[in-house]
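This report concerns aromatic side chains and their surroundings in one model. The sequence and structure are shown first.

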Amino acid sequence: MAGRSKPVELATRSFEKQSDATAFFKAMLNRYRRGERVSDADGLDVAALLERDTEYVAKVGCGVSHFQVMMTEHGT
């Protein structure tokens with residue numbers, strides 16, 4: 001069906017469409033300065049998002065202690 005929104009379901013919350021999830025996580029990212037550690041509450045949502053990654057097992061390795069806002073090698 002053309003024009004139909006794709007919902008996003010995470011362990012911590014649900015979004016009616018992908019653009020809502022993108023906006024939510026962009027707003028979260030913008031609350032932090034570069035180098036700042038993500039709060040434990042926001043970290044739960046980031047961890048839930050990470051679980052959807054196709055490279056989840058490789059990225060998590062032996063576990064995640066916290067999330068931190070960092071620059072990418074492309075400057076974003």
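## Accessibility of the phenylalanines

F24 is partly exposed, with a relative accessible area of 22%; buried means under 20%, exposed over 50% and partly exposed in between, computed with a 1.4 Å probe on protein chains only. F15, at 9% relative accessibility, counts as buried, and F25 counts as buried at 13%.

The model is predicted: local features need pLDDT of at least 70, side-chain atom pairs count only at pLDDT 80 or more, and totals for chains, interfaces and linings use all residues. Residues are numbered from 1 along each chain as its sequence is written, and side-chain values use heavy atoms, with hydrogens and water left out.

## Aromatic pairs

The structure holds 3 aromatic pairs. Rings of Phe, Tyr and Trp (its six-membered ring) pair if their centres lie within 6.5 Å; planes under 30 degrees apart count as stacked, over 60 as edge-to-face and the rest as tilted.

One of the pairs joins F15 and F25, which are tilted at 55° between the planes and 6.3 Å centre to centre. Because F15 lies in strand β2 (residues 14–15) and F25 in helix α1 (residues 18–30), this pair ties together parts that are 10 residues apart in sequence. Helices (H or I, at least four residues) and strands (E, at least two) are DSSP runs numbered from the N terminus.

The planes of F24 and F25 stand at 90° with ring centres 5.0 Å apart, so this pair is edge-to-face. F15, F24 and F25 form one aromatic cluster.

## Surroundings of D45

D45 is placed in helix α2 (residues 40–50) and is buried, its relative accessible area being 5%. Not counting residues up to four places away in sequence, D45 touches L10, T12, R13, F24, F25 and M28, where contact means heavy atoms within 4.5 Å.
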